[in-house]
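User: I would like to learn how to read a fold residue by residue. Please give the general idea each time, then the case here.

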Amino acid sequence: MARLVVIFDFDKTIIDCDSDNWVVEELGINHLFTQLLHNFPWNAIMDRMMTELHHRGKTIEDIEECLKKVPLHPSIASAIESVHALGCDLRIVSDANVFFIETILKHHGLLDYFSEINTNPGFVDEQGRLRILPYYDFSSSSHGCNICPSNMCKGLVMEKIRASVSADGKKQLVYVGDGTPDFCAGLKLEEGDVLMPRKDFPICDLISANPLLIKAKIHEWSNWDELSTNLLSTVNNALIDESAKTDQLVPLCKYQNSSISVTAHEALQKALPVSPPH
C-alpha cells in the first residue's frame, strides 16, 4: 500500500479552466446559465444546462467532443504519470462531475492513474440526457460547512479519505488545489502533510487571512511547470524521509523538460491502477 496519497482538485488544477464553464460556453448556453446563476445552486444549474443541451439536440457525443478540447498542460500529465510510477496513491476531490472528469482524463490517457474520484455523480438517462446530481443530498440535511457549497464539503471528503488510508498505518497526504473549498480540505491536513495552493487564487487569499489554521507544510505554485517541479520535489523528499526511517534505498527522480526519469528500475513498487467507481 502506498505511503503517500496525492489528492488533486480538478478544475484549474489539473486542467487549465473550469470544466462546467467550458461546456456551457463552448456549446452556446452561457446566457441562460448566467440568468440562473444567482437563483439556484451551481450544481443544480449544471443539471438544468444538460437538459437544455438535450432539448437543443446536443448529444452525449457532442458533449464528449467538447470536453476533449479542454486544455491540459503536458507538465501536469507528466507529473501525474511520474508520481504514480513512484508508488503514490492518486485521488481527485472535485466539485465538477464524474462524466466530465472521466471523459477528459480518459482522452489524455490519465484516468487509470487515479484510484478514486470524489465528485458529483452523473449518468445518462433513458432519453439520452446527461444528468448531474449533488455529491451530498442537501435537500434532506446540511453538511454544516460554511466554507463549501451545499452539495459538497471537501473537508468532510478529506476526513473520509484520511480514515480509509489510515486503516493500515499512518499515511502522508499531499493536497493540490486552487479554490475556497480546497482551503476547507487543507484544514484537514496534519503536521507532516503538504498543501500545494495555486498562487493568486482564492485558496491563497484564505491562507493569508488565516495563517495559523493550516498545520501542513505549504508549497505554492503558479503554473503547471512549477506545479510539476514542486510536486515531484515534495514526493521525492517524502520518499527520502521514508527511506531514512526504514534504512532502505529509494530512487531519486530528476526533473527535465517537464518529464521525470526514475532510476533503479523504478525500484518502488508501482501502484496498480484501479478505475474509479462509476
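Analyst: Start with contact, which means heavy atoms within 4.5 Å. Helices (DSSP runs of H or I, at least four residues) and strands (runs of E, at least two) are numbered from the N terminus. This is a predicted model, in which local features need pLDDT of at least 70 and side-chain atom pairs count only at pLDDT 80 or more, while totals for chains, interfaces and linings use all residues. Residues are numbered from 1 along each chain as its sequence is written, and side-chain values use heavy atoms, with hydrogens and water left out.

User: How many helices and strands does the protein chain have?

Analyst: The chain holds ten helices and ten strands. Of its 278 residues, 49% are buried, where buried means under 20% relative accessible area, exposed means over 50%, and partly exposed lies in between (1.4 Å probe, protein chains only). Take the contacts between residues at least 6 apart in sequence: 66% of them join residues at least 24 apart.

User: Which residues meet where α4 and α6 are in contact?

Analyst: From α4 come Ile60, Ile63, Glu64 and Leu67, and from α6 come Phe99, Phe100, Thr103 and Ile104. By class, six of these residues are nonpolar, one is polar and one is charged. For these classes, Ala, Val, Leu, Ile, Met, Phe, Trp, Tyr, Cys and Pro are nonpolar, Asp, Glu, Lys and Arg are charged, and the others, Gly among them, are polar.

User: At what angle do α4 and α6 pack?

Analyst: An axis is a line fitted to C-alpha atoms, for helices over the stretch in contact, and the angle runs from 0 to 180 degrees between N-to-C directions. Helix α4 (residues 60–67) packs on α6 at about 55°, and the two axes are 9 Å apart. That angle makes α4 oblique to α6, since angles under 35 degrees count as roughly parallel, over 145 as roughly antiparallel, 65 to 115 as roughly perpendicular and the rest as oblique.

User: Is the crossing of α4 and α6 left-handed or right-handed?

Analyst: A crossing is left-handed if the near helix is turned anticlockwise from the far one by less than a right angle, and right-handed if clockwise. The α4 and α6 pair crosses in the right-handed sense.

User: Where does Thr103 sit, and is Thr103 buried or exposed?

Analyst: Thr103 belongs to helix α6, which spans residues 98–107. Its relative accessibility is 13%, so Thr103 counts as buried. Beyond neighbours within four places in sequence, Thr103 is in contact with Glu64 and Leu67. A polar atom of the Thr103 side chain also lies 2.7 Å from the backbone oxygen of Phe99.

User: Which residues of α1 are buried?

Analyst: In helix α1 (residues 19–26), the buried ones are Ser19, Asp20, Trp22, Val23 and Val24. These buried residues pack against α2 (30–36), α3 (42–55), α4, β2 (89–97) and α6. At the start of the helix, a side-chain oxygen of Asp18 comes within 3.0 Å of the backbone nitrogen of Asp20. Just after α1, Gly28 has a positive phi of about 75°.

User: How do α1 and α3 cross?

Analyst: Their axes come within 11 Å and cross at roughly 30°. That makes α1 roughly parallel to α3. The crossing is left-handed. Asp20, Asn21, Val23 and Val24 of α1 and Trp42, Met46, Met49, Met50 and Leu53 of α3 make the contact. Seven of the residues in this contact are nonpolar, one is polar and one is charged.

User: What is the phi of Lys12, and what is that of Asp200?

Analyst: Most residues other than glycine have a negative phi. Lys12, not a glycine, has a positive phi of about 65°. Lys12 lies in the loop between β1 (4–8) and α1, and is partly exposed at 34% relative accessible area. Asp200 likewise has a positive phi, near 65°. It is in the loop between β7 (194–197) and α9 (202–209), and with a relative accessible area of 75% Asp200 is exposed.

User: Which residues does Ile147 touch?

Analyst: Leaving out residues up to four places away in sequence, Ile147 touches Thr180, Phe183, Cys184 and Leu187. Ile147 lies in the loop between β5 (130–132) and α7 (154–165), and at 28% relative accessibility counts as partly exposed. Ile147 and Phe183 are 36 residues apart along the chain, with their C-alpha atoms separated by 8.4 Å.

Methods:
Polar contact = N/O pair within 3.5 Å; in protein donor to acceptor, adjacent residues only side chain to side chain.
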